[in-house]
Amino acid sequence: MAEDKLLKEFKSAKEGNIPKDLSELSEEEKERLRFLGLDSSLKREGEYVQIDAKPVVCRKQVEGLEILPITEALKKYDWLSDYYWKLLSPEKDEFTKATAEDLDDGYFIRALPGYKIVYPVQTCLYIRTEKVAQKVHNIVIVEEGAELNLITSCSVHPHVESAFHIGVSEFFVKKRAKLTFSMLHVWGDQTIVRPRTGVLVEEEGSYISTYVSLYPVKDIQTSPVCRLVGEGAKASFASIIANQPGSKIDIGGEVWLEAPNTRTEIISRTVVYGGENIARGKIVAKAPKVKGHLECQGLMLSDEGIMRAIPQLDSYFYDVELTHEAAVGKIAKEEVEYLMARGLSEDEATSLIVKGFLTVKVEGIPPTLQKQIDKVLETAKLGF
Amino acid sequence: MSVLLEIEDLWVEVEGREVLKGISLKIPVGETHVIFGRNGSGKTSLLMTIMGFPTYKVKYGKIYFKGEDITDLPPYERAKRGIGIMFQRPPTIKGVKLRDILKLCAKENNVKIEELARSFNFETFLEREVNKGFSGGEIKKSELLQLLVQNPDLVLLDEPESGVDVENLNLIGQMIKKLLQKDTPHKPRTKSGLIITHTGFILQHVAADLGYVIMEGEIYCTGNPIEIFEGIQKVGYEGCKNCLKRLA
Ligand SMILES: Nc1ncnc2c1ncn2[C@@H]1O[C@H](COP(=O)(O)OP(=O)(O)OP(=O)(O)O)[C@@H](O)[C@H]1O
Ligand SMILES: [Mg+2]
């Protein structure tokens, strides 16, 4: 189907069946949200939960942190207009356009200058109603010298068959600030997802993004664009994907190195059980003395799927160091046999090898976050 | 005395090449047998065939384990029934730690992985990616540790001493003793072993019950392992060919 027709089949999230608070959700829904990290046993500095078009939880535990629904933040702060739609244009495509025209809220999160918010802030964008298109706009600002760890979990009601999610996100990482942003997605096999993300990193700032999607989804297409505009800024992107039969996942990552001594690394690990996967990565050197590395590895588990790895390196200067490494292959027979000799069935062996393959140690992400990613990996069925 | 492993007239091909030509042997419960033989004579092939790796195709003959015909079972079914093997060149598995494998090897065996690793000075390796950058000696220790956790009734060891330094030889000897219950001589023994060796080192640590010489895929001689080893040292494998015992 043509991209511009996709949205027409869905109704507004404002018509959703939205409860007043989380207690009205069914046990099954609560369980799913707990799995995604809305778990009172995990230490959190703040939480934001939106169901369809409505924010239902918005709270913070610590000083130096602000969390508001974006609609409220826009009313409260005039200066937010300097950030709103500044990294992305509403004209970019029909999804940004639709979000600009009919917004279903979103989050505004800000770490004030110098505050290091240690434990994660958890956000959750949840689609609860059949045939709904949820269009959110998020803004995150990490002020000078501040640190913020953000986990976003996106999911649908366990019984919703078909849904559409558009997330416009604009992230600002100021001088010497650090933002880690991790997305854990559990969509449904009929969900269409169009995240649109822009990131701006200033001098000595760092941005670390991790994207994990191991469950079936119908169609994801995204390509965050990250600009490193201050000297010494860094960005890293890691995506960990299990491409299930029937899923089409097209994930990119574009980093523009616009100041000297900026660095980036884009890593993707994809296991293809079926469906279609495209792993794109692009690094553009727009300043001298920059460094960038792209690594894209795919593991094919069947002949039913397609995997395309499309790395791209552009340089406008001679004094740069841009490299890429891409490999697509199958599980090595010796590895399976080795584990089988230890008493693992072929399925158990495969699942362990896949889990190992998807274990990317992302430098700089906090241990609590790594634990949560490990848990998702542990729970996902990764055998045949 | 009951028989743990029995091989009957086994013919095996690898990549269309005959590597075993009519091997027959019996290992009773609690016994350890050793195999000698030239490079390329078929020793490793025999062990791999007992474990059931599909590259080694059985053309003729049978393998019985605990009385059951296992000739057509896949490796994990054999592992489940109590056969364990030490790999000479195990693969690196990306992102998988030694600890992850040990946990799975343990299955329902209630082994204290931590404690066991510590007792062989190997606890720092638990968090390492399995076999990645392991030295020759470290591979041996890692393999033996996995076997100790798996706790098989029949242990297949392929040159456990090769590439191990003098100090570690002793440690590896201890590990093999434990595997084969030779560290508790007063208790009835239920574990058996089949061990390939070139150096005979193992004979100093583990009393073996029987030795074989394999030549070009056939068992040339069977007998007291120490006598065989001394014989090979004296007359070489060439001498084995003219051995009177074989004619007898
Ligand atoms: N996977 C294989 N592919 C091709 N040939 C093989 C394979 N495995 C074994 N062979 C061949 O079979 C013969 C027996 O090999 P095997 O490894 O059993 O010898 P070995 O007695 O263990 O020798 P060594 O003492 O050198 O370890 C050799 O000629 C070897 O090249
Ligand atoms: Mg060999």
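Biologist: Thanks! How many helices and strands does chain B have?
Modeller: Chain B has 9 helices and 10 strands. Keep in mind that this is a predicted model. The radius of gyration of chain B is 18 Å, close to the 18 Å that the globule rule gives for 248 residues, so chain B is as compact as a globular protein of that length.

Biologist: What size of box do its C-alpha atoms fill?
Modeller: Taken along the principal axes, the box for chain B is roughly 55 × 40 × 35 Å.

Biologist: And what share of the residues of chain B count as buried?
Modeller: That comes to 53% of the 248 residues.

Biologist: Switching to charge: which residues gather in a patch of positive charge on the surface?
Modeller: A:Lys330 and A:Lys333 do, together with B:Lys57 and B:Lys59.

Biologist: Where is A:Lys330, and is it buried or exposed?
Modeller: A:Lys330 is in the loop between strand 22 (320-329) and helix 5 (333-341) of chain A. It counts as exposed because its relative accessibility is 69%, and the cut-off for exposed is over 50%.

Biologist: Now the backbone. What is the phi of A:Trp85?
Modeller: A:Trp85 has a positive phi of about 60°, although it is not a glycine. Most residues other than glycine have a negative phi. A:Trp85 is in the loop between helix 3 (70-76) and helix 4 (94-101) of chain A, and at 15% relative accessibility it counts as buried.

Biologist: What about A:Asp105, what is its phi and where is it?
Modeller: A:Asp105 also has a positive phi, about 65°, and is not a glycine. Its place is the loop between helix 4 and strand 5 (107-111) of chain A. A:Asp105 is buried, with a relative accessible area of 9%.

Definitions and conventions
Residues numbered from 1 in each chain as written. Chains lettered and ligands numbered in written order. Predicted model: local features only at pLDDT ≥ 70, side-chain atom pairs only at ≥ 80, totals over all residues. Heavy atoms only, no water. Patch = residues over 30% accessible without salt bridge, like charges linked within 9 Å, V, L, I, M, F, W, Y side chains within 5 Å. Areas by Shrake-Rupley, 256 points an atom, 1.4 Å probe, with all protein chains shown as cover. Salt bridge = Lys/Arg side-chain N within 4 Å of Asp/Glu carboxyl O. Lys, Arg positive; Asp, Glu negative; His and termini not counted. Charge placed at Lys NZ, Arg CZ, Asp CG, Glu CD. Helix = DSSP H or I, 4+ residues; strand = E, 2+ residues; numbered from the N terminus. Buried < 20%, exposed > 50% of the residue type's maximum accessible area, 1.4 Å probe, protein only. Rg over C-alpha atoms; globule rule 2.2 N^0.38 Å.
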